[in-house]
Amino acid sequence: MSRLVQLGPLPVASERPIPESGPMTDGFGRRIEYLRISVTDKCNLRCVYCMPEEGLPWLKREQILRYEEIAEIVRVMADQGLRRIRITGGEPLVRRDLPSLVRMIRAVPQIEDVALSTNAVLLHEMANELRDAGVDRVNVSLDSLRPDRIDAISRRAGSAEGIFRGLEAAERAGFAPIKVNCVVMRGRNDDEVADFAAITRERPWHVRFIEVMPTGENLGVSADEFVSSDEILENIGRIGDLRPVAGPAGNGPARYYAFDGAAGTVGVITPMSHNYCDRCNRMRLTADGQLRPCLFGHAQTNLRDPLRRGEPLEPLIRLTLRIKPERHWLVQGSDAGSGGLLALSQVGG
């Protein structure tokens, strides 16, 4: 069972009472209507900022939520105001028959939006079926435009070919908007940010640059290769003026910009340089059924075991709202604020 925990210099504590019914609102007045669901901790890549090259001790099959269990949690939370879902991993497409889960989620009347985050290596095989099942939008991880660099960052030979094929399949299948996520690292791909941004002038892609977030297994990258969003935008500004824009449909924290007349947008996601926790509208469900009120920190509530015992979940969800922290306490190059996470893949990123 989750409990009050200490995160950084301040305690995790609600400033106002949590309603016992009605829409999910945490103790800092933030309305929670978005759930990121990790369907697996496994991934077919080993990206340097996300997971150690040798992988991690994987969850056992019996520890992982069945699709029917995920759908039941979504139904309970939908009655409390959940409206938007993102399916993540690890890499979600490595889990068998993912479209069947999408159909179960789409059968919940209150759910308005279902999105997918993927590295796209397997997407060319599944894009049409996922679109037909009810996925609205996809976010694709692409950390370079150069195949050799993609393979080096992912530490899997041939991954670049699969990612580019997946992006083409996503366009053909009609996913919109298509968001391309690039984790920027000094000396690996930071010299490509202007090239990425230039794509948005011609293609309706929404390229988002993400600052490296520290976990136990990427501290070297976090300490030595961090590039701030301010530096990224300054570099892009050398090829043209960017103006702030509203950006595409979505539920995330990116700030968006565009070149005049561009088909797409440029976004920055700034967990380190510009904290956006005051706008947080989400919780996370891990592959083994832990409801996490924050990506980082120790606080989480076990929903899997009570669900399997037939116990009501709503009181546990309300408890998780009480322990949602006001903000995270990440420190560049340190795992002090990561809550013991070894890799982002453990909780769905």
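**Exercise 1.** Work out how α1 and helix α2 (residues 98-106) are oriented to each other in this predicted model.

*Solution.* Start with the geometry: α1 and α2 pack at an angle of about 25°, with their axes 9 Å apart. Now apply the cut-off: angles under 35 degrees count as roughly parallel. So α1 and α2 are roughly parallel to each other. For the handedness, α1 passes α2 in a right-handed crossing. Next, list who touches whom: α1 brings Tyr67, Glu68, Ile70, Ala71 and Val74, while α2 brings Leu98, Ser100, Leu101, Met104 and Ile105. Sort those by class and you get eight nonpolar, one polar and one charged.

**Exercise 2.** Move along to α2 and α3, and find the angle at which their axes cross and which residues make the contact.

*Solution.* The α2 and α3 axes cross at roughly 15° and come within 8 Å. That makes α2 and α3 roughly parallel to each other, therefore. Their crossing is right-handed. On the α2 side you'll find Leu98, Pro99, Val102, Arg103 and Arg106; on the α3 side, Met126, Glu129, Leu130 and Ala133. The tally for the contact of α2 with α3 is six nonpolar, no polar and three charged residues.

**Exercise 3.** Which residues have the most contacts inside the largest nonpolar core, and what surrounds Ile85?

*Solution.* First, the core: the largest one has 91 residues, and Ile85, Ile87, Leu98, Leu130 and Phe209 have the most contacts inside it. The element giving the most to this core is α1, with seven residues. Then zoom in on Ile85. Skipping neighbours within four places in sequence, Ile85 is in contact with Tyr34, Leu35, Ile37, Val74, Ile105, Ile111, Asp113, Val114 and Ala115. As background, nonpolar side chains tend to be buried together in soluble globular proteins.

**Exercise 4.** Which residues of helix α10 (residues 314-322) are buried, and what do they pack against?

*Solution.* Pick out the buried ones: Leu316, Ile317, Arg318, Leu319, Thr320 and Leu321. Then look up their partners.

Definitions and conventions: Residues numbered from 1 in each chain as written. Predicted model: local features only at pLDDT ≥ 70, side-chain atom pairs only at ≥ 80, totals over all residues. Heavy atoms only, no water. Buried < 20%, exposed > 50% of the residue type's maximum accessible area, 1.4 Å probe, protein only. Helix = DSSP H or I, 4+ residues; strand = E, 2+ residues; numbered from the N terminus. Core = buried A, V, L, I, M, F, W, Y, C linked by side-chain atoms within 4.5 Å. Contact = heavy atoms within 4.5 Å. Axes fitted to C-alpha atoms, helices over the stretch in contact; angles between N-to-C directions. Parallel < 35°, antiparallel > 145°, perpendicular 65-115°, else oblique. Left-handed = near helix turned anticlockwise from the far one by under 90°. Nonpolar A, V, L, I, M, F, W, Y, C, P; charged D, E, K, R; others polar.
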